[in-house]
Number of protein chains: 4
Amino acid sequence: MSAKLKVAVLGATGYSGMELTRLLLRHPRVETPVLLRRAENSNPTKTALGGPPSASGNDQINLADIFPVLSGNGNYPLEPLSWSSLKQKGVDLLFLATPHEVSRSLVPEAVAHGMRVIDLSGAWRLKQEQHRAIYKFKDDDAATAAELTGKAVYGLPELNGDKIPNATVIANPGCYATTVILGLAPLLKAGLADKQKGIIADSKSGVSGAGKEPSARTHFVSVADNLSAYGVFTHRHLGEIAEQLQLTTDEITFTPHLLPIPRGILSTIYVHLKHKIRAAEIESCYREFYKGKRFVRVFQTPKLPEIQFSLNTNYCDLGFCLAPDGQRLVIVSCEDNLIKGAAGQAVQNMNLMYGVNEGEGLL
Amino acid sequence: MSAKLKVAVLGATGYSGMELTRLLLRHPRVETPVLLRRAENSNPTKTALGGPPSASGNDQINLADIFPVLSGNGNYPLEPLSWSSLKQKGVDLLFLATPHEVSRSLVPEAVAHGMRVIDLSGAWRLKQEQHRAIYKFKDDDAATAAELTGKAVYGLPELNGDKIPNATVIANPGCYATTVILGLAPLLKAGLADKQKGIIADSKSGVSGAGKEPSARTHFVSVADNLSAYGVFTHRHLGEIAEQLQLTTDEITFTPHLLPIPRGILSTIYVHLKHKIRAAEIESCYREFYKGKRFVRVFQTPKLPEIQFSLNTNYCDLGFCLAPDGQRLVIVSCEDNLIKGAAGQAVQNMNLMYGVNEGEGLL
Amino acid sequence: MSAKLKVAVLGATGYSGMELTRLLLRHPRVETPVLLRRAENSNPTKTALGGPPSASGNDQINLADIFPVLSGNGNYPLEPLSWSSLKQKGVDLLFLATPHEVSRSLVPEAVAHGMRVIDLSGAWRLKQEQHRAIYKFKDDDAATAAELTGKAVYGLPELNGDKIPNATVIANPGCYATTVILGLAPLLKAGLADKQKGIIADSKSGVSGAGKEPSARTHFVSVADNLSAYGVFTHRHLGEIAEQLQLTTDEITFTPHLLPIPRGILSTIYVHLKHKIRAAEIESCYREFYKGKRFVRVFQTPKLPEIQFSLNTNYCDLGFCLAPDGQRLVIVSCEDNLIKGAAGQAVQNMNLMYGVNEGEGLL
Amino acid sequence: MSAKLKVAVLGATGYSGMELTRLLLRHPRVETPVLLRRAENSNPTKTALGGPPSASGNDQINLADIFPVLSGNGNYPLEPLSWSSLKQKGVDLLFLATPHEVSRSLVPEAVAHGMRVIDLSGAWRLKQEQHRAIYKFKDDDAATAAELTGKAVYGLPELNGDKIPNATVIANPGCYATTVILGLAPLLKAGLADKQKGIIADSKSGVSGAGKEPSARTHFVSVADNLSAYGVFTHRHLGEIAEQLQLTTDEITFTPHLLPIPRGILSTIYVHLKHKIRAAEIESCYREFYKGKRFVRVFQTPKLPEIQFSLNTNYCDLGFCLAPDGQRLVIVSCEDNLIKGAAGQAVQNMNLMYGVNEGEGLL
């Protein structure tokens with residue numbers, strides 16, 4: 001494969017979309033991405049894009065005006081989404097960094113137009129109706145939705161690496177979910193966890209995870225010098241965690257918290273073990289599972305990851321603490337929510353879909 | 001004077017109004033304040049109050065629901081503003097912590113109903129039309145406005161302490177303006193400053209100064225890990241600074257900046273002196289001027305105030321640095337923008353208006 | 001009781017001691033406290049006090065020089081600790097805001113001199129040798145230590161309110177421990193928790209909890225934009241939590257985290273219930289338990305406390321979230337670590353010891 | 001030039017040195033840099049390096065242990081500085097990210113061994129004795145020092161780009177100085193500034209600028225929720241600013257402030273103009289001056305740079321605000337203090353010294 005990939009991004013004006021754009025711009029195997037905005041008749045202030053309104057349909061929106069950090073290296077105009085135009089440009093892959101309602105309606109269209117899609121929203125992550133209910137999708141065409149739900153691959157490369165290369169639709173995992181699933185998968189696969197006693201994921205996230213839309217909750221004065229729990233037992237990521245780990249929602253408790261930092265997630269995960277075990281066994285269980293997976297770093301006990309260690313990287317960092325009784329395990333899992341938790345993982349998925357080295361553009 | 005003061009607050013759902021309410025609740029000489037919201041027909045979400053809407057006119061809004069820190073000591077219901085009801089309750093003094101448009105229309109009404117008013121907005125601070133123009137007041141009754149403009153006292157007790165006791169309307173100073181005026185007044189009065197060379201006030205404020213309304217500018221991710229200048233040469237407080245110090249706006253440059261902290265202001269002020277001077281003379285000039293003024297702390301050179309030192313107090317702190325050439329002076333002026341820069345100063349004004357000890361409820 | 005209390009504070013140069021001094025200075029029933037430093041022959045930089053060294057024994061250290069926020073209202077000189085001098089001044093109660101080694105040696109001395117003591121360190125909190133071992137006290141006089149250990153009352157007024165009035169030595173609780181114990185006590189007393197399945201306290205604290213001593217860990221750049229877990233299964237407060245709640249350390253897991261904020265604690269506590277229960281029952285169990293306890297605020301479900309709500313107050317705030325299965329409970333417990341978690345609780349204990357209204361000086 | 005550059009870094013355990021190492025590791029034209037520590041007989045905890053001590057001379061220090069963000073891609077061992085070993089490895093260029101005393105003694109040694117040096121400290125930046133006095137260099141060999149002072153090039157590529165390619169010793173500019181010099185150079189060169197009225201640079205920096213050594217000043221609790229001015233009229237960078245801009249220290253006032261953020265600088269610069277001018281003229285004066293200089297971004301009036309815009313980039317951003325009187329100019333200048341203010345600029349200098357594209361490894 002020698003030609004560069006031709007890709008497009010819808011939603012570059014949000015935090016994840018912007019981070020994705022930056023990664024794609026410096027990716028050696030990708031052409032300058034086509035940056036899209038939703039078509040003329042929609043009002044951008046009221047839509048998913050979150051960007052400022054254009055005064056008229058003719059006005060050009062430049063991403064560097066919204067994120068001045070980008071300026072200085074040319075323009076980044078947003079053009080209205082048009083399937084025919086994308087086809088003409090030879091774009092084969094569409095990234096959606098849009099709200100789930102938007103992704104829910106656009107993915108079927110994109111697929112119908114012969115495109116592959118990496119969707120960063122939660123629209124296509126869930127196979128089980130019981131979990132999907134929380135999203136309240138109203139306008140689904142039932143048959144298409146069912147077909148795409150079947151087709152969509154949950155894009156966590158460390159777990160589903162075999163299905164990603166041939167996927168048409170990648171449902172890019174949730175930021176919280178990535179830390180929790182990667183933190184638990186080896187232990188559950190090894191059958192070491194005592195699920196009867198319940199598993200707990202106490203997660204803490206920076207504010208970019210809440211999106212760019214201004215609200216009382218994201219006001220600086222509300223967040224600074226504060227910490228708050230929210231969405232206990234009801235957060236949308238609980239469904240993906242349960243599905244991917246094959247747990248019931250009675251077996252896992254998930255509590256997200258809002259941290260006074262711009263980005264980064266730390267999840268503290270509590271598991272009871274079925275029998276006494278030594279710390280070294282835990283660590284080697286994880287090392288074995290993640291052998292060859294370059295974006296999971298298993299820390300040597302007793303070192304624990306901190307949010308700073310993975311900021312601006314595509315790593316998910318894992319560390320462990322075993323109780324003196326040898327039966328209770330604390331797992332600490334960290335990532336940059338905008339990279340391994342969103343844009344970086346999307347690029348990792350793209351690399352796998354197109355036979356590019358998994359770490360290309362990410363190191 | 002032995003009976004407790006009866007006061008009302010409109011705008012307690014904003015940051016300054018809330019701080020004011022807390023100060024009044026623990027003030028030994030004030031009865032529990034009447035907390036007001038604007039009358040039924042206005043939609044509170046669209047108005048000055050900034051609070052959440054009540055579903056119906058019957059719904060009770062409780063301040064402790066908006067600021068849970070207040071809870072645990074009874075209820076703080078907001079009642080609709082009614083002049084007759086205030087009169088019936090014997091309320092003599094009304095605090096307005098409302099946007100300037102609201103204050104502009106309410107102060108004449110209040111005065112017409114025989115009340116005294118302390119207005120925390122910029123509506124009545126400016127005597128000179130050239131400075132007031134920036135506010136674009138449209139619906140003024142010209143005669144009333146002129147009369148009230150004449151009547152209103154700029155409520156900076158350290159400068160206008162003699163006019164405050166008998167004032168009907170107090171225009172409570174702007175937060176930035178307080179630090180700059182108090183930082184410069186002694187020097188200008190002593191005729192030491194070389195105005196020809198220009199005076200510069202480089203001010204930095206915490207985010208609560210920008211108000212509680214969510215916006216792209218006050219989003220946590222926009223403010224954290226950042227600093228930005230804004231309103232250079234155009235900020236509204238420039239007018240009050242110039243008027244109170246009897247400077248032209250060519251003689252003083254004022255640049256505000258938005259700091260990634262919830263509250264507090266530090267102004268760094270630069271002045272050329274007419275002739276060489278010794279540091280001790282500067283300090284004694286300030287000590288003399290602020291003798292008996294308990295809410296200005298003059299620091300001993302070379303100590304400089306920092307924002308933390310005045311947080312949660314009603315102090316304005318002043319420190320000095322004289323250049324080796326003896327002709328350039330740097331003044332550092334700090335305060336808590338919600339207290340000395342707003343609510344605390346309002347209480348200080350109230351104390352003076354009613355013959356109460358100036359520091360009552362503020363130490 | 002009409003005369004004002006005469007008290008002394010050793011350790012006012014640390015964060016808790018400073019907060020305590022501020023509370024005592026404005027307490028209407030307490031005379032200006034005597035502020036102590038350790039005697040001449042010790043080097044304050046190397047000792048518990050953490051304050052700057054005095055150049056000579058004659059130099060006066062003024063607390064307002066260390067905490068400039070205090071300045072403006074007179075001096076706060078620190079005088080060397082002398083039992084005879086304290087006796088002469090009629091001081092009956094000594095507050096120790098000192099490291100545990102210092103408290104371990106000073107409390108026996110103070111008691112021998114007939115004083116009552118409120119010790120803010122961990123020196124005298126633990127009755128069980130197994131938990132105390134972690135402190136490695138070396139120079140104990142065994143008999144005295146045993147006697148004082150027996151005498152010392154764990155000063156959590158909501159649990160031990162009956163023993164506090166007559167106590168000679170109050171071991172003021174740890175900051176983390178206060179949130180966890182108050183969060184769990186009602187549930188455990190009611191026998192609702194299924195201890196077999198393990199209880200988890202995931203706690204997050206502001207940096208003032210780590211003390212004033214500069215270190216790589218408390219450097220701004222290490223803490224800002226970060227979150228880290230530490231002391232998992234080994235933190236000193238685990239012992240007090242277990243002892244006060246009559247749990248084994250196998251039954252409770254405690255994980256502290258360092259938050260990028262100056263002060264405040266939020267503990268997220270996970271409990272399995274023995275049988276299905278309704279949310280209203282949980283809430284009324286807590287309301288019943290804390291009836292008449294003015295410094296615990298039980299939030300109405302589904303409201304949850306946040307750190308900001310209790311900052312600068314002596315409240316411990318409790319809120320609840322019950323799983324859809326009715327058998328898993330998440331308790332959120334918040335406080336200001338320097339007030340309810342240290343200095344405020346110390347004042348609350350003092351009030352109870354001297355028959356003063358429990359809330360005096362704290363509201 | 002096709003072979004990769006062979007370089008070494010001493011001081012990689014500090015903030016600037018670490019950032020430099022990251023930039024060099026991903027630079028396509030540089031071999032993995034040799035990471036140095038000072039020779040065995042020195043105690044690293046007591047020296048410039050600031051890193052943790054090695055238990056014995058044989059212990060290997062790995063940079064990834066100090067900065068875990070580096071881990072996952074192999075080891076980064078620090079080896080003791082040895083001129084013969086460097087020669088053997090073919091290292092031609094040495095970066096010093098060391099305290100100025102260390103650089104002062106090492107640069108002559110390095111030059112004597114035939115190496116080129118980029119020194120990030122202030123040791124060799126100043127030509128004029130009057131400014132250099134502040135550093136108090138004691139052990140200089142007078143002749144060598146004089147010779148090297150003459151030789152050393154102040155490494156600001158936008159000003160001294162012609163002298164850098166052939167330089168033996170580059171004195172990499174100070175972080176504050178870079179923003180102020182780049183902000184003023186075009187205006188001064190054009191002769192537009194009225195120096196008689198004084199120029200003011202009010203600068204604000206993140207905490208990484210204060211170095212990694214823990215101190216009371218860099219403790220999180222001292223910095224958070226705070227702002228403080230320091231070093232007014234005495235900061236070391238004043239000398240370089242004056243020298244490079246050919247100003248006397250009476251003509252320029254420089255006030256640094258410590259911001260509660262990890263990194264980034266914003267300087268607000270105030271200049272009186274000799275005569276009335278239009279905003280467009282100012283902007284074109286700057287655009288002309290920085291034509292072809294890719295690391296200075298001139299903002300289009302009225303847009304102003306903010307710290308966030310240049311974080312993690314090598315840009316210095318400049319924006320302008322002209323007073324209504326057309327005679328007072330406010331310049332806002334921003335950069336990432338660790339990149340354009342230190343490590344990035346060092347790499348830019350290296351590129352110029354070795355004929356590599358100026359932006360290589362920096363975009």
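The model is a predicted one: local features need pLDDT of at least 70, side-chain atom pairs count only at pLDDT 80 or more, and totals for chains, interfaces and linings use all residues. Residues are numbered from 1 along each chain as its sequence is written, chains are lettered from A and ligands numbered from 1 in the order in which they are written, and side-chain values use heavy atoms, with hydrogens and water left out.

**How the copies are related**

- Chain D goes onto chain C with a turn of 180°, a shift of 0.0 Å along the axis and an RMSD of 0.0 Å.
- Here F220(D) has the C-alpha of chain D nearest the axis, 2.0 Å from it.
- Since 100% of the interface residues of chain D are also interface residues in chain C, the copies meet through the same surface.

**Helices α1 and α13 of chain C**

- Helix α1 (residues 15-25) of chain C packs on helix α13 (residues 339-353) of chain C at an angle of about 40°, with the axes 9 Å apart.
- Helices here are DSSP runs (H or I, at least four residues) and strands likewise (E, at least two), numbered from the N terminus.
- That angle makes α1(C) oblique to α13(C); angles under 35 degrees count as roughly parallel, over 145 as roughly antiparallel, 65 to 115 as roughly perpendicular and the rest as oblique.
- On the α1(C) side, the contact (heavy atoms within 4.5 Å) is made by S16(C), E19(C), L20(C), L23(C) and L24(C).
- On the α13(C) side, the contact residues include I339(C), A342(C), V347(C) and M350(C).

**Helix α10 of chain B**

- Nine of the nine residues of helix α10 (residues 237-245) of chain B are buried, so α10(B) is largely enclosed by the rest of the structure.
- Buried means under 20% relative accessible area, exposed over 50%, and partly exposed in between (1.4 Å probe, protein chains only).
- The cover over those buried residues includes α8 (175-189) and β11 (252-258) of chain B.

Terms used: Axes fitted to C-alpha atoms, helices over the stretch in contact; angles between N-to-C directions. Least-squares fit on C-alpha atoms with pLDDT ≥ 70 in both.
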